[in-house]
Amino acid sequence: MKAVAYNIKHFEKEFLAKANQKKHDITLIANPLGINTAIYAEGKDAVIVFADDDVSALVIEKLAGLGIKYIVTRSAGTGHIDTKAAAAKGIKVANIPLYPTQENTTLQELQDAAIQTITNLDLWQANKCVGDACACANNCRILPTSKGPKQ
């Protein structure tokens, strides 16, 4: 899968590279995602964002026009993503359900977050559900009969 990771901090590069193991073609950039930087997603399948990126309806519309099908946030929260706009454009959204929120995050927690980010890409590439990381507005994992996640 081809992806661009926005707003990458210097300490994240090594963790993402190790977790990825060259499986996905990921471009790492320091620029935050916004209306003026969305163009870097051209030719990609996915964008990887962080909590302070602009993932508003306007940006999602531009990303959809560039062919983006997936958004992964390197955070537990998804309040910065207009998930309804993403759902309307057919873009799947995932998060890092167990992302640490305290300032004194350990190296192991950063590695775990990188692994979950890559796992989300792996599962989407295999056309599978991302499980607990699913943050789609339409709650596509749950069957109408509430018997559990789709397979």
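Predicted model: local features only at pLDDT ≥ 70, side-chain atom pairs only at ≥ 80, totals over all residues.

Modeller: Residues are numbered from 1 along each chain as its sequence is written, and side-chain values use heavy atoms, without hydrogens or water.

Of the 151 residues in the chain, 44% are buried (under 20% relative accessible area; exposed is over 50%, partly exposed in between). Four helices and five strands are present (DSSP runs of H or I with at least four residues, or of E with at least two). Their order along the sequence is β-α-β-β-α-β-α-β-α. Taking contacts between residues at least 6 apart in sequence, 59% join residues at least 24 apart (contact: heavy atoms within 4.5 Å).

The part to look at is the packing of helix H1, residues 12-20, on helix H4, residues 107-125. Their axes lie 8 Å apart, at an angle of about 50° (lines fitted to C-alpha atoms over the stretch in contact, with angles from 0 to 180 degrees between N-to-C directions). The crossing of H1 over H4 is right-handed (near helix turned clockwise from the far one by less than a right angle).

On the H1 side, the contact is made by Phe 15, Leu 16, Lys 18, Ala 19 and Asn 20. H4 meets them with Leu 107, Leu 110, Gln 111, Ala 114, Ile 115, Thr 117 and Ile 118. By class, the residues of this contact are eight nonpolar, three polar and one charged (nonpolar: Ala, Val, Leu, Ile, Met, Phe, Trp, Tyr, Cys, Pro; charged: Asp, Glu, Lys, Arg; polar: the others).

Lys 22 sits in the loop between H1 and strand S2, residues 25-28. Lys 22 is not a glycine, yet its phi is positive, at about 60°. Lys 22 is exposed, with a relative accessible area of 80%.

Asn 127 lies in the segment after H4. Asn 127 also has a positive phi of about 60° without being a glycine. At 67% relative accessibility, Asn 127 counts as exposed.

Note on methods: Buried < 20%, exposed > 50% of the residue type's maximum accessible area, 1.4 Å probe, protein only.
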